[in-house]
Amino acid sequence: MGHPVRVAGAGRTDSGVHARQQVASFVSATQRAEDALCKGLNGLLGEDLCCLSAQWVPASFDPRHNPHVKRYEYTWYDRPMRNPLVRRHTVYSRGRLDAEAMNQAVQAMIGTHNFASFRAAGCSSTHPVRTLVNASVLRDGDQVQLQVQGTGFLRHMIRIVAGSLLEVGKGRRSVGWFVDVIAQQDREAAGPTAPAHGLTLAWITY
């Protein structure tokens, strides 16, 4: 843009988490065509980052506080032998996961709840109440994917949910246990935090 800019993102993700669609904004007095701005950014960005589109927005636009819904996806790979070709975006699980039980368990999260059980230490949010508009666990061949859509999330929330659901998928915990974890509102009651590289920010709507 010919001058320093301060970039504001739609949210923070843990190191190692992927994003198919992240949204960021900045203020500039330099006028450039949207297509030229997108191409110019891609000429400067590293290989692991790409600008998909750019558009001018009102000065009141806030990418963090204006989002309507965000969707996250967490993916496991549970074929008997691990697959190096998908290792960067999936977490390998030894043994077939019970995706149906995992899906049954995660239904209890839909709606507005106190999700303190899935809140990591150091979370800066003022309260643990969040609203999920959809949640499911689906199998596609050798991949099992958790899909969650909500208006906002707590620190490490989806990774802790994923770690807890994995306990159900492996048969070590029951669906009832997962439902009870939500009710306890206690991080100690939930499962471990799942690895970051299995998580992807899929999209954001405004």
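Guide: Rings of Phe, Tyr and Trp (its six-membered ring) count as a pair if their centres lie within 6.5 Å, with planes under 30 degrees apart called stacked, over 60 edge-to-face and the rest tilted. This is a predicted model, in which local features need pLDDT of at least 70 and side-chain atom pairs count only at pLDDT 80 or more, while totals for chains, interfaces and linings use all residues. Residues are numbered from 1 along each chain as its sequence is written, and side-chain values use heavy atoms, leaving out hydrogens and water.

Visitor: By this rule, what does the count of aromatic pairs come to?

Guide: A pair of aromatic rings is described by the distance of the centres and the angle of the planes. Applied here, the rule gives a count of aromatic pairs that comes to five.

Visitor: How many residues apart are Phe61 and Tyr206?

Guide: Phe61 and Tyr206 form a tilted aromatic pair, 5.2 Å centre to centre with 50 degrees between the planes. Taking helices (H or I, at least four residues) and strands (E, at least two) as DSSP runs numbered from the N terminus, Phe61 is in the loop between helix 1 (34-42) and strand 4 (69-77), and Tyr206 is in the segment after strand 9 (199-205). The pair thus links distant parts of the chain, and the separation is 145 residues.

Visitor: What is the relative accessible area of Tyr206?

Guide: With a 1.4 Å probe and protein chains only, buried means under 20% relative accessible area, exposed over 50%, and partly exposed in between. Phe61 is partly exposed because its relative accessible area is 24%. Tyr206 is also partly exposed, because its relative accessible area is 41%.

Visitor: Are the rings of Phe115 and Phe118 stacked, edge-to-face or tilted?

Guide: The ring centres of Phe115 and Phe118 lie 6.4 Å apart. Their planes stand at 45 degrees, so the pair is tilted.

Visitor: Which residues form one aromatic cluster?

Guide: Phe115 and Phe118 are both buried. One aromatic cluster is formed by Phe115, Phe118 and Phe178.

Visitor: Is Arg159 buried or exposed?

Guide: Arg159 is found in helix 3 (residues 157-169). Leaving aside neighbours within four places in sequence, Arg159 is in contact (heavy atoms within 4.5 Å) with residues including Asp14, Pro192 and Leu199. Its relative accessible area is 12%, so Arg159 is buried.

Visitor: Which element gives the most to the lining of the largest pocket?

Guide: On a 1 Å grid over the protein atoms alone, a pocket is an open set of points where a 1.4 Å probe fits, with protein on both sides within 12 Å along at least five of seven lines, and lining residues have an atom within 4 Å of a point. The largest pocket holds about 1800 Å³ of space; of its 43 lining residues, the closest to its centre are Gln22, Val23, Ala24, Cys51 and Ser53. With four residues, the element that gives the most to this lining is helix 1.

Methods
Points joined across faces, edges and corners; volume = space filled by probe spheres on them.
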